[in-house]
Amino acid sequence: MAKLTLKNVFKRYDNSGKKKVKNDYAVKELSFECVDGEFVGILGPSGCGKTTTLRMIAGLEDITGGDICIGESRVNDLPPKDRHIGLAFEDYALYPPLTVYDNIAFNLRAKNVSESEIQKEISRIAPLLKVDDILEYKPVALSGGQKQRVNIARAIVRKPKLLLLDEPLSHLDGKMRQVLRTEIKRLHKEIKCTTIIVTHDQLEAMSLADRIVIMKDGQLQQFGTPLEVYDDPVNEFVAGFIGEPPMNIMTVKISKQEGEFFFDFANSDVRISVPKRYYPVVKEGMSVRLGVRPTDVLIGDENSKGSKVKVAVFENLGEERRVSIRVGDEYLNLTTAEEIRYKAGDTIKLEVNAEKTHLFDINTGDRIRVK
Ligand code: ADP
Ligand code: MG
């Protein structure tokens, strides 16, 4: 176990020989620190620099600038084998001619660990990953889920200080993903190893990690607990990336009538009262991006003063219902656990839990903060 620190890390691949590939930074001024024993997720869309970050931590990729420390030691120039890390990538890369046992033993044998030690280690690890009854199988006989278990077993067999997982669940089908996700969480509790998981799946990061590093275009957007990034996103990107179905984020214009402010939607007569707490930061005529989670869009009863809007799509998903509402040029989505039933074209009254809304700067996408 150890803490991990990244200080102002940059990575630029040498793409100079390749035409058409722009030679930009894959990772830019990335800094974060995982405390000892923490489970951290690195989350972001494809190509944002997650794997590059993990490979730099592992020592498989040179660092263009900045420092990486494991524990108190700077590891920039340390070869991977001296960093005490366990690695499991998305493709399992098991050795096909070897049994599961021999695959797990491979790195220990390379380090001249005695066969009796190896046997002790494997009998400790195998039950943790539920591979104890497939130890004599060859990889070809294993399911995807079993291969990933073996892959992770191999990564933790040397008692690493740091366990690095790169999209370990993305090759698995829905059910198996969920099973293995739970198992990884349990495993982390049992071995208490500082763990970093790279994923593009926000649900995976939210359910596994103590804290999440959210990246876009090689840069850190926010580093926080799942609740922090959900409730208190720093910008429009984070707000839209975390949450399923995603937050509604729409351009609205501020109007003023008899001393009260309203959010007006373009090409529509729908308006929503601006909560008083936003009064210090809004001005008449200003355009802002308004963010509302689908669970905070509500259907008013017959006494509601909400604007009348038309249902565009109604979906009943069993445990919840989703309604898509046309507002001007945009669609506003709501989800509810209530037993409602509509069809396209029905009129409903739109209400919004305005206290739960977020405002974003229309130019920068940054959260407009109110005290
Ligand atoms: P992610 O894992 O988030 O999908 P990557 O870290 O793999 O993203 O890639 C980040 C960026 O670096 C991408 O633009 C990708 O094309 C580029 N990149 C990744 N690996 C290499 C490489 N070996 N050579 C050149 N460019 C690379
Ligand atoms: Mg990747």
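## Pockets and cysteines

Strand β6 gives the most to the lining of the largest pocket, with four residues. What you see is a predicted model, in which local features need pLDDT of at least 70, side-chain atom pairs count only at pLDDT 80 or more, and totals for chains, interfaces and linings use all residues. Residues are numbered from 1 along each chain as its sequence is written, chains are lettered from A and ligands numbered from 1 in the order in which they are written, and side-chain values use heavy atoms, without hydrogens and water.

A pocket here is an open set of points on a 1 Å grid where a 1.4 Å probe fits, with protein on both sides within 12 Å along at least five of seven lines; lining residues have an atom within 4 Å of a point. Volume is the space filled by probe spheres set on the points.

| Pocket | Volume |
|---|---|
| Largest pocket | about 540 Å³ |
| Second largest pocket | about 290 Å³ |

Of the 22 residues lining the largest pocket, Ile85, Gly86, Leu87, Asn107 and Arg158 are the closest to its centre. The lining of the second largest pocket includes Phe262, Lys305 and Glu351.

Now for the cysteines! How many disulfides does a search of the whole structure find? The search finds zero, a disulfide being a pair of cysteine sulfur atoms within 2.5 Å. For cysteine 69, the nearest cysteine sulfur, that of cysteine 34, is 12 Å away. The sulfur of cysteine 193 is 11 Å from its closest cysteine sulfur, in cysteine 34, so it is too far for a bond. Cysteine 193 is also buried (under 20% relative accessible area, with a 1.4 Å probe and protein chains only; exposed is over 50%, partly exposed in between), at 3% relative accessibility.

Definitions and conventions: Helices (H or I, at least four residues) and strands (E, at least two) are DSSP runs, numbered from the N terminus.
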